[in-house]
Amino acid sequence: MRIALDAMGGDFAPSPNIVGAFEAVERNSDLEILLVGDPARLAEEIAKVGSLPQTIRIVESDGVVGMEEKPTTALREKPNCSIARCWQLMAAGEVEAVVSAGNTGAMVAAGLRTRLFLKGVKRPGIAVRMPTVKGSCVLLDVGANPAARAEHLAQYGLMGAVFARELLGVKSPRVGLLNIGSEEGKGTDLYRETHALLINSPIKEYYIGNVEGRDLYHGDVDVVICEGFVGNVVLKVSEGMAEFVLKTVGGSLMKSLTTERDHALQTLTKVTEQFHYQESGGAPLLGIDGICIICHGSSDHRSIRNALKMATEIDNRHINSQITELLSQQNS
């Protein structure tokens, strides 16, 4: 499998991207990585790690989209920046996947420009894995499509169900629509229209109806769908609340303990890791004719390595072909 890695993307680039790529090919001999970026800068960092493996090569790009830049403006002014070059490589069929810890808006915007959508997909959505008391669930969309229509959300339900079944191992994933109440008829026209589409969709046996924000962590729903604006707020609030609770509760607990401090610290560390983006690596942009993994801007080498691994798992599990099959059933 060939993956284009935005070597210049991220708060600490390019070092963690290079190290992550080296670790990924060391663990998977069938993986080929194209490091997209400034050749001189990359060569300088590669020299600190070692010699370049045969399964990694450098592809030149011109410029980087900064985290604070407006995506559309930056892509217009830097048409061959590292993010744009990654998408160009996938559009040309030179790679099967793109991975970046760079500007999320630019990643999505560049993808939309290529129009590399799976057949039948109206708008792609970003899916993240969220921890619950019973394991984990999928939240979709968390930022790619803040002005979603009902047909978009219904498609997210289909895509999320495939993702949960194949990557979370849930045989019959329960799909819920995030709303202000669980009763039927709740919410705006958008939610009522989405509900009507889902109860007549190919995943109608999985659809459990409306769910509330507090249901997200109970573990009674495996896929939670919403528009990108709401999903992004939910994600950021969840990250902040997790950090707050772990610091306050964990700090107080450690101060009160006189014995078993090491065991308590190990337990807290294990709980904390459920919220770390490094473990999953990144979030897939589902609905793309190819594979796109969007990583956190603060990604370290472990996160990049795991993001590359996720790309191969999506490919191995044939998630795109399953999504296409479900969409064809919905449209028939």
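Let's start at S136, which sits in strand β6, residues 135-140. Keep in mind that what you're looking at is a predicted model. S136 counts as buried, because its relative accessible area is 18% and the cut-off for buried is under 20%. Leaving aside residues up to four places away in sequence, S136 touches R129, M130, P131 and L168. With R129 there's also a polar contact, 3.1 Å between the two side chains.

Strand β5 covers residues 125-132 and pairs with β6 in the antiparallel sense, over 6 bridges. Within that pairing, S136 is the bridge partner of P131. As a reminder, strands of a sheet pair through backbone hydrogen bonds, either parallel or antiparallel.

Now zoom out. β5 and β6 belong to an open sheet of 11 strands with mixed pairing, and reading across you get β3-β2-β1-β4-β11-β10-β5-β6-β9-β7-β8. The edges are β3 (56-60) and β8 (207-211); each has a single partner strand, so one side of each is left without a neighbour in the sheet. From one strand to the next, the twist averages 25 degrees.

Next, the helices that pack here. Helix α2, residues 39-49, lies across β2 (32-37) and β3, and runs at about 125 degrees to β2. Helix α11 (residues 301-316) also packs on the sheet, where it touches β1 (2-6), β2, β4, β10 and β11. Relative to the direction of β11, that of α11 makes an angle of about 155 degrees.

On one pairing, β11 runs parallel to β4 (residues 97-100), joined by 4 bridges, with V98 standing opposite C292. On another, β11 pairs with β10 (residues 283-286) in the antiparallel sense over 2 bridges, and P284 stands opposite I293. β10 and β11 form a hairpin with 4 residues between them, and in the turn G287 has a positive phi of about 105 degrees.

So where is there empty space? Rolling a probe the size of a water molecule over the atoms shows where empty space is left. The structure holds 1 cavity of 30 Å³ or more, and the largest cavity has a volume of about 50 Å³.

One last stop is S328, in helix α12 (residues 319-331). For a sense of distance, S328 and R317 are 11 residues apart in sequence and 19 Å apart in space, C-alpha to C-alpha.

Key
Residues numbered from 1 in each chain as written. Predicted model: local features only at pLDDT ≥ 70, side-chain atom pairs only at ≥ 80, totals over all residues. Heavy atoms only, no water. Pairing = 2+ DSSP bridges. Buried < 20%, exposed > 50% of the residue type's maximum accessible area, 1.4 Å probe, protein only. Polar contact = N/O pair within 3.5 Å; in protein donor to acceptor, adjacent residues only side chain to side chain. Contact = heavy atoms within 4.5 Å. Axes fitted to C-alpha atoms, helices over the stretch in contact; angles between N-to-C directions. 1 Å grid on protein atoms, 1.4 Å probe; cavity = no way out; pocket = protein on both sides within 12 Å on 5 of 7 lines; lining within 4 Å. Points joined across faces, edges and corners; volume = space filled by probe spheres on them.
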